[in-house]
Amino acid sequence: PRTLDDAPACFSSVSSSFPRGTMNSPTAALKRARDAELAEASDLKKFKADLLARVIVKTIVKEQTTDRSVAALRFNHLPTALPGPATGDGISHTSLGNLFATCGGDFATVYDDEHFGDNVAVVSQFKNEKTTHVGGGELSCVCWVDARGFTTHEFGDALLAVGGGEDNVVQIFSVAEAKVMRLLKGHSGKLVALASGAGDDGGAYLAVLATNGTVTVWDWRHASVRTVFTAPGALSMEMNDQGDVVYTGHADGKVLAWPIVSKTEKVKKTVPAPAGSLAGTVGAVSDSPIASIASPTPTTVNLGVAHGSSPVDCVRCLPGDRLATKSVDGQICVRGDVSKSPTAESLLVTFKVPGCVPPKKAVLQKSLTSFGCDPRGTFLACGNSDGETYVYDLATGELIKCVKQDRDFKHLNRVRAAAVSRDCRRVHCAFGPGVVWRAEVVPGVDDDDGPGTPEEA
């Protein structure tokens, strides 16, 4: 790793309006009312399901890209982003689950979904411009990483990893500081997915999947590589919260589990991360200040015949040692005990999202889609090929809501990403030319007599 003395000036530009004070009075009053409503609920799951059943499309966000869909949309649903008070120890434990991020074209944008009343607001925007450090170009994936212990910003911080560009780099930027903190280079192919895990030694792991199946696992705080391995045919990737297993979804319908941290590593002491901005390049694994491991041996996760030979384009770890997977035909599978006994039969529920047309093999890499869940893994939102987003109960597979809109974007109708807010009052999806759709609960308005799809601003 090397220190970039001229950072962040020569990094790609980041602009930020990170909230630095208390909420305004109307927003604070709305939050108090919602908190009171939540406190009165006798059945929390039913209360949230009822909210999701009432969402209607209310807000359309149009991003800069005009000829393609937003490629990724992720809420900051890290374990530390669950609602809860700050610790007051000077380290960033602040709950920032109100934030979600997107990437489309050469932009990545962070939004505040809660603190501006019923509006959504841009908090920070990153443009992947060509500089002396990076080649610039289109971004393909985003991932939140754990900021605990890394920043002492008085209002807390959120760190977003963005991947892609002409030189296949990963840049991790601070939302609060509007500054790129880590630059990870040297990946051997176009980037497909990013995944992070907290780990026992301070939240240091970030996995990067390239189109050629190469997975690079970084100790991102030190900008150094822990291990590199090849997962042939991998299209999607996830890392568990502990940061010791990477899961990959493959073109042949299989899901593999790759152990990346040995038992002896877990007892090693944490090496403090250097201050300031660092850059690292894929090279000698021994560069890591924490001992690295050899290429791991994978285990095939037993999903029965859920996906058959249909490519698996989304994998998500859920609380309770569960793993949710999706294939391009819309088949979703949830299994338990994934870390304890991945080869055992432990399917919890399977269901199929209607209207999902598998993309042709020639455009598969450019047509991958993802689903999203609330932080507790109770509900799941997933779109289809016709611009429709479905919300399900993950315990039963029961359909709660189908969010529709009345516009036809032809080849851009496929919902590339969907997400559920932490309070289950909003469902987001991305499809159309740079459009993010926000469906939410409108008090006093039911779906049947709602306003329908709003006009674009």
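**Figure 1. Two buried tyrosines, Y390 and Y392.** Here "buried" means under 20% relative accessible area, while exposed means over 50% and partly exposed is anything in between (1.4 Å probe, protein chains only). Keep in mind that this is a predicted model: local features need pLDDT of at least 70, side-chain atom pairs count only at pLDDT 80 or more, and totals for chains, interfaces and linings use all residues. Residues are numbered from 1 along each chain as its sequence is written, and side-chain values use heavy atoms, leaving out hydrogens and water.

**Figure 2. Rings that pair up.** A pair of aromatic rings is described by how far apart the centres are and by the angle of the planes. Rings of Phe, Tyr and Trp (its six-membered ring) pair if their centres lie within 6.5 Å; planes under 30 degrees apart count as stacked, over 60 as edge-to-face and the rest as tilted. Searching the whole structure turns up nine aromatic pairs. One of them is Y390 with Y392, a stacked pair at 6.4 Å centre to centre with 25° between the planes. F431 and W437 have centres 5.0 Å apart and planes at 10°, so this pair is stacked too. Both F431 and W437 are buried. Elsewhere, F75, F100 and Y111 make up one aromatic cluster.

**Figure 3. R316 over the face of F371.** A charge sits over a ring if NZ of Lys or CZ of Arg is within 6 Å of the ring centre and within 35 degrees of the ring normal. R316 is 6.0 Å from the centre of the F371 ring.

**Figure 4. Strand β18 and its partners, β17 and β20.** Helices (H or I, at least four residues) and strands (E, at least two) are DSSP runs, numbered from the N terminus. Two strands pair if DSSP finds at least two bridges between them. β17 (residues 245-250) runs antiparallel to β18, with five bridges joining them; T248, for instance, has L256 of β18 as its bridge partner. These two strands form a hairpin with four residues between them, and G253 in the turn has a positive phi of about 90°. β18 also pairs with β20 (residues 299-300), antiparallel over two bridges, and there A257 has T299 as its bridge partner. How covered is β18 (residues 255-259)? Four of its five residues are buried.

Figure 5. Most residues other than glycine have a negative phi. You'll find A178 in the loop between β10 (169-174) and β11 (179-185). A178 has a relative accessible area of 23%, so it counts as partly exposed.

**Figure 6. Inside the largest nonpolar core, with 25 residues.** A nonpolar core is a set of buried Ala, Val, Leu, Ile, Met, Phe, Trp, Tyr and Cys residues joined through side-chain atoms within 4.5 Å. Which residues touch the most other members? They are L52 and W437. Helix α2 gives this core its largest share, four residues. A separate core of 22 residues includes V192, L235, I260 and L364.

**Figure 7. Where to be careful.** pLDDT is the predictor's confidence in each residue, from 0 to 100. The protein's mean is 84, and 80% of its residues reach 70 or more. Residues 81-93, though, have pLDDT below 50, and residues 284-292 stay under 50 as well.

Terms used: Contact = heavy atoms within 4.5 Å.
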